[in-house]
Amino acid sequence: MSLDNHPSTQEMQATDAAHHLHPFSDTNALNARGARVITKAKGVWLTDSDGNEFLDAMAGLWCVNIGYGRDELAEAAARQMKQLPYYNTFFMTTHPPVVALSAKIAEVTPEGMSRVFYAGSGSEANDTNIRFVRHYWASQGKPEKRVIISRKNAYHGSSMGSASLGGMQAMHAQGGLPIADIHHIDQPYWYGEGGDTDPETFGLERARCLERAIEEIGADKIAAFIGEPVQGAGGVIIPPPSYWPEIQRICREHDILLIADEVICGFGRTGNWFGSETFDIKPDIMTIAKGLTSGYLPMGGSVIRESVAQTFADHGGEFSHGYTYNGHPASAAVSLENIRILQEEDIVGHVRDVTAPHIAKKWAEIGDHPLVGEARMCGMMGAIELTPDKAARAPFKAERGTVGVMCREHCQSAGVVMRAVYDTMVISPPLCITTGEIDELVARIWKVLDQTHAQIKAEGVS
Ligand SMILES: *Cc1c(COP(=O)(O)O)cnc(C)c1O
């Protein structure tokens, strides 16, 4: 049976299987099962083609910050597309929405972050960052200062450059990555790698991995360090409070540019406008995307500190880099409307003062579940570590990810979307989620954890 005006679920799945190649998917496994067809959404709720409803605790892919179904954004796009659907910003031209958006981004980002180079996505923006920081130093007579230091298990996108910045082993294993002169240090993942060390000490140790890398490679060869304030795709890894101040100190001492990849953390996710505020980071460059448009249209960008942008302008000459859709008018209009709603409805303040403290309390309770080794939360992004042994923070003997996938299956029947990063369940709900919806979400998650726990006992998984 079909709802609304579309073919039946089975027909759509068959056509999808025949013609659509999905990202990050095993095509045969996906097609054997059939893709879930999502047909509409409102607030935090998704509806599929069979009429089932799901509480979307992932905000799409970490991006639908204001929630689904805000007509104002659709209308802003339509208005702009009628007025000026496209024009480039390459050849000494600009247009009203990109002018207004650039000033607005300078207003909402931390002090000193004042100039924006646009992109179509977070991946593209991080590719810009690679070329920008290398040319920044080269144009000041230091062409050998070109290595970028990142972290293992970081996610910075899926293009050749951005996936090289990222530290995902499965991605590096395909297609000849990483590109040259990217170096990866250990991540500040206390739960998984901290052993008996207390989090504070561990945070310092992992930050000092940067100092050791600098000693080995030489500060005169290092252009920049890049990190997500909170690692998202890697499993919502919240660094100990000691980590970022130490990273910042080390970057300053060695004259290394600091790039905060705010693609997930930006636009309210951590309970402040930017993760850099939550962790008191003073970056030279911030990567933005996702929450910039709340996912309604694609757009990303690199926000650059005034002094860095001016030095680049003074020495760099023409930057031989750009994308057809830099500052796309419709995306810019949607971003402006998105930011207007975030500001006027004080969505970030409401997260910080009301919903984040509420979910943090509920999340701490989830930490008591027998299957849970740790439940952590930062603003409105969180993780649940599944474990057979709470005290030891032990991984399962079963192949990594087995229990995470089981848990994700139970999520589907419980009508909640959580993502499994191996055996870590992660959430990042729309920032418009109400306290009542948080209670509903947490109740569903409890049920899912009970069901997963019962299943691994019944099947003897340990
Ligand atoms: C999603 C993501 C990216 C890549 O953004 P795309 O728009 O998918 O290219 C980059 N950095 C982080 C931290 C992300 O989460």
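Is Phe 132 buried or exposed, and at what relative accessibility? In this predicted model, Phe 132 has a relative accessibility of 5% and therefore counts as buried.

**View 1. The stacked pair of Phe 132 and Phe 312.** Among the 12 aromatic pairs that the structure holds, this one has its ring centres 4.0 Å apart and its planes at 15°, so the pair is stacked. Phe 132 and Phe 312 are both buried.

**View 2. The edge-to-face pair of Phe 132 and Phe 319.** Here the ring centres are 6.1 Å apart and the planes stand at 85°, an angle over the 60 degrees that edge-to-face requires, so the pair is assigned to that class. Phe 132 lies in helix H6, whereas Phe 319 lies in the loop between H13 and helix H14 (329-344), so the pair ties together parts that are 187 residues apart in sequence. With a relative accessibility of 16%, Phe 319 counts as buried.

**View 3. The aromatic cluster that includes Phe 132.** Phe 132, Phe 312 and Phe 319 belong to one aromatic cluster, which they form together with Phe 117, Tyr 136 and Trp 137.

**View 4. Arginine side chains over tyrosine rings.** Arg 393 lies over the face of Tyr 191, at 5.7 Å from the ring centre, and Arg 400 lies over the face of Tyr 422, at 3.6 Å from the ring centre.

Key:
Residues numbered from 1 in each chain as written. Predicted model: local features only at pLDDT ≥ 70, side-chain atom pairs only at ≥ 80, totals over all residues. Heavy atoms only, no water. Phe/Tyr/Trp six-rings, centres within 6.5 Å; stacked < 30°, edge-to-face > 60°. Buried < 20%, exposed > 50% of the residue type's maximum accessible area, 1.4 Å probe, protein only. Helix = DSSP H or I, 4+ residues; strand = E, 2+ residues; numbered from the N terminus. Lys NZ or Arg CZ within 6 Å of the ring centre and 35° of its normal.
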